[in-house]
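Hi,

Here is the structure I promised you. Have a look at it first, then read my notes below.

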Amino acid sequence: MKAIVEKSLFEIPKQIRMLLWALIGLGVLMFVVGLAIGDHEGVKRTWQTFLINVVFWGGLSQAGVIMAVIWQLTDSKWGRPFKRLAEAFGAFLPISFLMFIILFFGGHILYEWVEKPFLHHGVAVKAGWLNYHFFITRNIFWLLLMYGVSFAFIRLSLKPDFGFARTLIPGWGGTLADKLLKGYNNHKDEVVRMELLSRKVAPVLMIIYAIAGSFISWDFVMTLDQEWFSTLFAAFFMMGNLHAALGLLLIVAVTVRSKLGSDGEAYITINRIHDLAKLTFACAMAWTYLGFSQYIVIWYGDLSEETPFLIIRSMIQPWSTVFVIVILWLFVSVFLGLMPRTLCRTPNFVRAMGGYIALGQWFAVYLIVVPSLQEPGHYHIPFGLHEILITAGFGGAFALAYLTFLSKVPLLPVSDKHLCHSWHGR
């Protein structure tokens with residue numbers, strides 16, 4: 001275990017750090033230029049790309065923490081080596097909160113109901129919910145609550161690991177460990193205390209995520225089309241977030257396994273990589289199932305306020321082509337790619353599939369958001385510098401936050417009683 005602790009602290013290579021800052025700079029520049037010199041369509045396109053990335057990267061970050069919560073709640077041994085790697089997704093949450101705050105300034109561009117409320121027989125029947133002050137207030141509340149409890153959960157997980165690391169290597173962790181371990185007493189007692197507290201916080205966070213995640217997906221995404229609604233939408237959207245998070249986790253897990261060498265391979269074994277790939281496969285099936293369930297109910301009900309959302313995406317060009325591509329991408333190819341046992345046990349293939357899945361989920365969010373912001377009969381696929389550079393900026397910010405966090409903590413939950421070698425060696 002000492003070898004794991006020794007190899008945990010690392011410096012982000014200067015070239016990678018500069019590359020990530022360059023991506024962030026390009027993203028910020030594109031966002032500012034898009035708002036400053038763009039015409040009405042250009043400004044709308046800038047905000048819509050910003051929205052896609054805020055909900056995608058923010059949702060993905062929270063979903064990573066939720067994966068750690070799931071492993072905590074289920075007492076899973078196989079998932080323990082990935083717990084810290086999943087918790088590190090939370091490093092982006094403060095940036096995500098800031099991005100949501102910035103997004104509020106584009107609300108009058110993105111949400112039709114801000115200026116033209118939905119009327120039913122001349123009555124603004126949704127005005128009680130869809131009014132902007134209430135929209136901002138309730139979402140700040142949900143974000144602060146969900147992110148705050150997430151940080152509490154991560155802190156409880158980190159503390160005993162820092163304590164254990166210091167019993168192995170005095171002074172390990174520097175000032176961050178000093179701050180975190182303030183008031184830390186006997187290590188064995190603290191491990192038990194933190195475990196008990198984690199067991200209390202984890203289910204609370206799970207419930208908050210189910211409620212807050214639903215409200216956030218309804219408010220920021222579903223209300224882009226204020227006439228449309230679906231009771232399954234929140235579950236479908238959050239499953240997409242989990243799927244994307246698992247995709248990125250596959251990339252990180254294989255990379256960390258390689259970095260730690262034989263010490264890491266004893267914990268992040270081929271069997272466990274296989275298990276993580278199977279969970280990602282199952283998530284793809286669940287995401288498809290929820291999407292189809294939503295589709296079939298709306299098709300069968302044939303209600304005028306529900307069907308346009310799906311008709312635009314699945315029957316009208318050019319979006320119907322994107323619709324088919326997304327299904328082939330996230331269902332058919334993932335099904336075929338992660339079904340064979342041999343492929344799931346090939347680290348480099350699994351890592352490539354992880355990136356492929358995360359990118360596919362970004363396009364799924366793109367397909368949900370963009371058609372809702374276009375005028376009927378004027379459908380087109382805007383994809384160019386706005387989408388590429390702003391997305392690159394978010395990706396750079398996420399990667400920088402993630403790597404910075406991971407470089408200062410034990411890479412594995414070293415004090416966790418469930419962290420153990422694989423029973424089958426590989």
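Predicted model: local features only at pLDDT ≥ 70, side-chain atom pairs only at ≥ 80, totals over all residues.

The count of aromatic pairs comes to 44, where rings of Phe, Tyr and Trp (its six-membered ring) pair if their centres lie within 6.5 Å. Planes under 30 degrees apart count as stacked, over 60 as edge-to-face and the rest as tilted. Phe31 and Trp47 make an edge-to-face pair, with 5.3 Å centre to centre and 85° between the planes. Phe31 sits in helix α2 (residues 14-37) and Trp47 in helix α3 (residues 40-74), so this pair ties together parts that are 16 residues apart in sequence. Helices here are DSSP runs (H or I, at least four residues), numbered from the N terminus.

Then there are Tyr111 and Trp113: their planes are at 40° and their ring centres 5.6 Å apart, so that pair is tilted.

Phe31 is buried at 14%, Trp47 is buried at 7%, Tyr111 is buried at 2% and Trp113 is buried at 3%.

Tyr111 and Trp113 also belong to a cluster linked by ring pairs, along with Phe100, Phe104, Tyr132, Phe135 and Phe220.

Residues are numbered from 1 along each chain as its sequence is written, and side-chain values use heavy atoms, leaving out hydrogens and water.

Cheers

Note on methods:
Helix = DSSP H or I, 4+ residues; strand = E, 2+ residues; numbered from the N terminus. Buried < 20%, exposed > 50% of the residue type's maximum accessible area, 1.4 Å probe, protein only.
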